[in-house]
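Could you walk me through this protein structure, step by step?

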Amino acid sequence: MVYLDFNELSNIEFPQVFLCHRNTKLKNGVKTIQKYGELNPIVDLNIKLYLNAPDEIHFTVPKYVDNIKNPLWDDITDLKIVQIPKFGNFEIAVVRFDDGTVEEKIFCQNLHHSMFHL
């Protein structure tokens, strides 16, 4: 179940997006995903929720913000995990363009749905 948060102006709050390690760690007997850190800023976040197919998200991450390189830039690679609280864990595929832009377009598919439909 997905829950959306609204601010005092009734606008939907932008969710946090975390880049995570693919491996898990036991914490109090429960497997947890280890986070690299929060991907920020995120541009053009699009979340598609489906009932009969894996949920999908896609967004763009700029390499530089105010002439400072994004500290997670080199860690954003295919098959990493993106975690969005209240939406789930997603496996990423990175699309890079050779047009001189310094941004990566990231496409993700929900892992929870994929594991139940193997």
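Leaving out neighbours within four places in sequence, D55 is in contact with K48, L49, Y50, F90, C108, Q109 and N110, where contact means heavy atoms within 4.5 Å. D55 itself sits in the loop between strand 3 (43-48) and strand 4 (56-62). Strands and helices here are DSSP runs numbered from the N terminus: a strand is a run of E of at least two residues, and a helix is a run of H or I of at least four. Before going on, keep in mind that this is a predicted model, in which local features need pLDDT of at least 70, side-chain atom pairs count only at pLDDT 80 or more, and totals for chains, interfaces and linings use all residues. Residues are numbered from 1 along each chain as its sequence is written, and side-chain values use heavy atoms, with hydrogens and water left out.

Buried means under 20% relative accessible area, exposed means over 50%, and partly exposed lies in between (1.4 Å probe, protein chains only).

Side chains of opposite charge can pair when their charged atoms come close. D74 is exposed, with a relative accessible area of 55%, while K69 is partly exposed at 37%.

Now let us turn to E104, which is found in strand 9 (residues 103-110). Is E104 buried or exposed? E104 counts as buried because its relative accessibility is 1%. Leaving aside neighbours within four places in sequence, its contacts include F59, T60, V61 and W73. The C-alpha atoms of E104 and P62 are separated by 6.6 Å, although these residues are 42 apart along the chain.

T60, one of those contacts of E104, belongs to strand 4 and is buried, with a relative accessible area of 6%. Beyond four places in sequence, T60 is in contact with P41, I42, V43, D44, E103, E104 and K105.

Most residues other than glycine have a negative phi, and most peptide bonds are trans. In this model, however, a cis peptide bond joins N40 and P41, with omega about 0°. Both N40 and P41 lie in the loop between strand 2 and strand 3. N40 counts as exposed, at 53% relative accessibility, and its C-alpha atom is 8.3 Å from that of Q16, 24 residues away along the chain. D44, in strand 3, has a positive phi of about 55° although it is not a glycine; D44 is exposed, at 58%. L79 also has a positive phi, near 70°, and its place is in the loop between strand 6 (68-69) and strand 7 (81-84).

What about the cysteines? C20 is buried, with a relative accessible area of 0%, and C108 counts as buried at 4%. The structure holds zero disulfides, a disulfide being a pair of cysteine sulfur atoms within 2.5 Å.

Finally, step back to the whole chain. It has one helix and nine strands, in the order β-β-β-β-β-β-β-β-β-α. Of its 118 residues, 28% count as buried. Among contacts between residues at least 6 apart in sequence, 44% join residues at least 24 apart.

How far can you trust the model? The mean pLDDT, the predictor's confidence in each residue from 0 to 100, is 80, and 83% of the residues reach 70 or more. Over residues 114-118, pLDDT stays under 50, and the model has two contacts beyond four places in sequence for this stretch. Where pLDDT is low, the predicted coordinates should not be read in detail.
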